[in-house]
Every structure is written in C-alpha cells, then in structure tokens.
Amino acid sequence: MSVRLLVLVPVAAAISLALSAVVDAVALPLFLDTTGTILATALAGPGVGIATGVVTSAVNTLRNPTFWPFVVVQIIVALYAWAAARAGLFRSFRTAIPAGLGLGVIASVTSTPISYLVFGCTTTGGIALTTALGRALGLSPLGACFFGSFVSDFGDKAVTFALVTSVLHALPRRTAARFPWALRAIGAA
Amino acid sequence: MTRLHPFTLLALAAALVALAWLLPAPWGAAGTLAVAAVLALFSGAGLTPGASPGSTGTGMSPGWRPGLVVLRTAVVTAAPFWLFLFILHDVSTTVALGLRITTMVASVVWLVAVLAPARLVEAMVAAGWRAGTAYLFAATLSAVPVLKARAQRIVEAQRCRGLSPRGGLGPRVRALRALALPLILSALHEVDERALALESRGLVPGARRTPLAPPPDRGAERAVRWALVALCVAALVWRLA
C-alpha cells in the first residue's frame, strides 16, 4: 500500500466518525458511519475500504463498545462498494441511490443476526424502538429485529451513496486521478 | 495498572468480554462483570469528562476515587441497554443479556481509561508490527476531534450564510449536503500533505521503526496473556461439549 493510500485510511475513518456532528446539526435519523468506508473503496479499491471499515469500527468501539461486532458489516459494505465502483454506479444519483438502497437491504440482513444474538436488538435507541414497533405489529422476535435494522439502514445507505457520489463528482479531476479507482467509479475512465 | 503492558490490558478486556458470552448466564456474566467493576474501580486512572476516545487516560493516582468516575461512565453507558432490553424481552433474558453487555461496556471503558494510545503504538512497533499499522489507529484517533471541530465551524459558517438545517425532509437533506461536502473535500485535500509529511519522516512501505520508549514486557505478563487465551479456549470447549 502506497503512503497516499495509507494516509487515506485514517482520513476516511475520521470522516465517518466526524459526520455525526453534521447529522446532529440537521437532526436527521441517519448514521452515515459507513461514508468513509464507501468513499475509500470508491477512491482506492477494496483493500483500503476494508482497512477503513476495520479502523472505523475499532475507534468507534472506544466510544461505544457495541460497535465492534458490527465490523463484519463494514467489510461487506466495502466489498459491495467495490462492486458498485467497478460497475460505475457512482456516475449519477440515478444509479447511486438504487445501489445504496440495495446496500441497505444487505446491511440490515447482515446486521440482524449480530444485533439479535449479541445485543437482543438494543444496539441504539432508534433500532430498539422500531423493533418494539415490529413486535407490536405481530412480527416474530427475529422478524421485528430485522424490521428495526431495515428501517434504520435502508435510507441511511441510500443517502450515504448519494453523498459519496456528490463528493466524487466535486473532486477536481487532478485530485481524483491520484486515486486508482476514482475515475472508474464515476464512469469517466 | 496503567503500567501494565498494553497487550496485557487488551488481553484482559478481550478475555472478560469473551468469557461473559461463553460462560452460562446469568452467573458467568455476573462473575465477569464483578471482575470488570473491580478493575474499573481500582484502575488508578480517571476519565476526563467530554474528552475524545483515546485521549481519556489522565494522571495516575493511587486509590479508588478516579476509578469511581470510570465505573460511573460504564454504568451510564450501559443503562440505556437495560431499558431497551426490559422493553423487548422477559426478565431472565434481560438479566442475561444485560450482564453480558454491561461487562463489555465496563471492560472497554476501563481499557480506554488505562491504555494510552501512544504506549500501544510503541508496544506494537516493538512487537514487530509495521509502523503503518500502528499509524492507522493513532492517526485516526488524532484526526477525529480535528474533523469534528472543523464540522462544527462549517455548520456555524453555513448558518451565517443563511443555511437553515430545519424544515421538511428536502431542506434537511440539502443542508446535509451543504455541510458534509466541504468537510469531506477539505479532508481529502489533506491526504497529499499528510503523505508528504510521512514520507519526509521515513515512513515508507516496508520500513521498520525503532520505538523510542517501548513498554517493558515482563515474562509474568506474557504468561498471564497465554493463561487468558487458554481460559477462553477451555470455556469454549466446555460449552461446546
């Protein structure tokens, strides 16, 4: 890994964690905690994306220990983002937002067993309350847990993909060209 | 306790969490929680309120008073989980999962209080890890508060320009883009600058660094770490048998 890509990992991980300040300012029910992972993958490929996801989870664990078991989700997000970048799905919102919705489904399917078995679906207040809503609607415990994860992940990942697409298009071409995957991700190479 | 080798501290925290899930509930998790609480109480280091992760280890002082702050932080962090568990599950499941989650929270809060990131980096480099791997964690820990402060400045600057992050979903999403984009682009523009700074300091792929002050790794501590691994493996085998 070159020094530039090595530096990209902590920068992208810090972006994921610092975006919580922006989310607080607009008061939207979003996490955006995979933004750095998706961005690093779209810029520099799956290895850098997976490293970013692992570092993000490790550092986030120091703030909230329940984040560590979800490191698997970060790795799957990186692999999915790599496939999306290869297919040039970051070239416009029309392609990026459906791809993000697809990731929302995959992320919620992946996180549900972890959330259910390890934490009893109590990872965040929002997920716990939507899980309780699912139970009230008559869903099984596992089904209600999936419902809770799906509601939180579905929109979050679509917004994250849209945000990464905005960033990739806003990057000057000279800067983008320094990263091995950036131009291909937006369909310019 | 802060003088223990960083790997020993990590092994203790990891073993407590693993044993909380491996041993039968509720007594196994109650035991691990008791150990984690005692460690927190006698950690000899306090948490600075509001400090960022990784910079929380403060002055060492004997006695249990700083440990009370560590213990209180763990209790406050774990409390919402008990509430949500109580809403979603019956009493026995609430107690079993609650004890396990509280062990996890208490162990990590204790670890954050006693483990200085700089010592961990020194220990990793001394153990033969690549300097780049150690850099990843240290650089992220230092970059997060910087970017959070910048995000706050961007929010204030955009508000001065008339951006309103209130209203319906559409205006909020547009406000999110207007706030997030400058933050991310400015961070990406720093990548080249940081890379140049690292290269000028000799951090190139494959290079080995010499730690300035590696934490001493005593034979007894290495034995404790192996004993903890053996304990976790024995608990796993016992549960699977």
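Helices (H or I, at least four residues) and strands (E, at least two) are DSSP runs, numbered from the N terminus. By that definition, chain A holds nine helices and zero strands, and B:Val105 is placed in helix H4 of chain B. The model is predicted: local features need pLDDT of at least 70, side-chain atom pairs count only at pLDDT 80 or more, and totals for chains, interfaces and linings use all residues. Residues are numbered from 1 along each chain as its sequence is written, while chains are lettered from A and ligands numbered from 1 in the order in which they are written.

**Overall form of chain A**

- Along the sequence, chain A reads α-α-α-α-α-α-α-α-α.
- The radius of gyration of chain A is 16 Å, which agrees with the value near 16 Å for a compact globule of 189 residues; the radius is taken over C-alpha atoms, and the globule rule is 2.2 Å times the number of residues to the power 0.38.
- Along the principal axes, the C-alpha atoms of chain A fill a box of roughly 55 × 35 × 30 Å.
- Of the 189 residues in chain A, 60% count as buried; a residue is buried if 20 or more other C-beta atoms lie within 10 Å of its own, exposed if 12 or fewer, and partly exposed in between, with C-beta atoms placed from the backbone.
- Among contacts in chain A with a separation of 6 or more, 67% involve residues 24 or more positions apart; two residues are in contact if their C-beta atoms, placed from the backbone, lie within 7 Å.

**The side of chain A that touches chain B**

- Contact between the chains involves 44 residues of chain A and 54 residues of chain B.
- Helices H1 (3-26), H3 (46-63), H6 (125-136) and H7 (141-170) of chain A each give two or more residues to this side, and H1(A) supplies the largest share, 18 residues.
- By class, this side of chain A has 33 nonpolar, eight polar and three charged residues; Ala, Val, Leu, Ile, Met, Phe, Trp, Tyr, Cys and Pro count as nonpolar, Asp, Glu, Lys and Arg as charged, and the others, Gly among them, as polar.

**Helix packing in chain B**

- Helix H1 (residues 6-22) and helix H4 (residues 91-114) of chain B have axes that come within 9 Å and cross at roughly 175°; axes are lines fitted to C-alpha atoms, for helices over the stretch in contact, and angles run from 0 to 180 degrees between N-to-C directions.
- H1(B) and H4(B) are therefore roughly antiparallel, the term for angles over 145 degrees.
- The residues of this contact include B:Leu9 and B:Trp21 of H1(B) and B:Arg100 and B:Val114 of H4(B); they divide into eleven nonpolar, two polar and one charged.

**B:Val105**

- B:Val105 is buried, with 24 other C-beta atoms within 10 Å.
- Leaving aside neighbours within four places in sequence, B:Val105 is in contact with A:Pro65, B:Ala74, B:Thr77 and B:Ala78.
- B:Val105 and B:Ala78 are 27 residues apart in sequence and 6.4 Å apart in space, C-alpha to C-alpha.

**Backbone features in loops**

- Most residues other than glycine have a negative phi, and most peptide bonds are trans.
- A:Leu32, in the loop between H1 and helix H2 (35-44) of chain A, has a positive phi of about 55° and counts as buried, with 23 C-beta neighbours inside 10 Å.
- A:Cys121, in the loop between helix H5 (93-119) and H6 of chain A, has a positive phi near 65° and is buried, with 30 other C-beta atoms within 10 Å.
- B:Ala25 and B:Pro26 are joined by a cis peptide bond with omega about 0°; B:Pro26 is in the loop between H1 and helix H2 (27-41) of chain B.

Key. Parallel < 35°, antiparallel > 145°, perpendicular 65-115°, else oblique.
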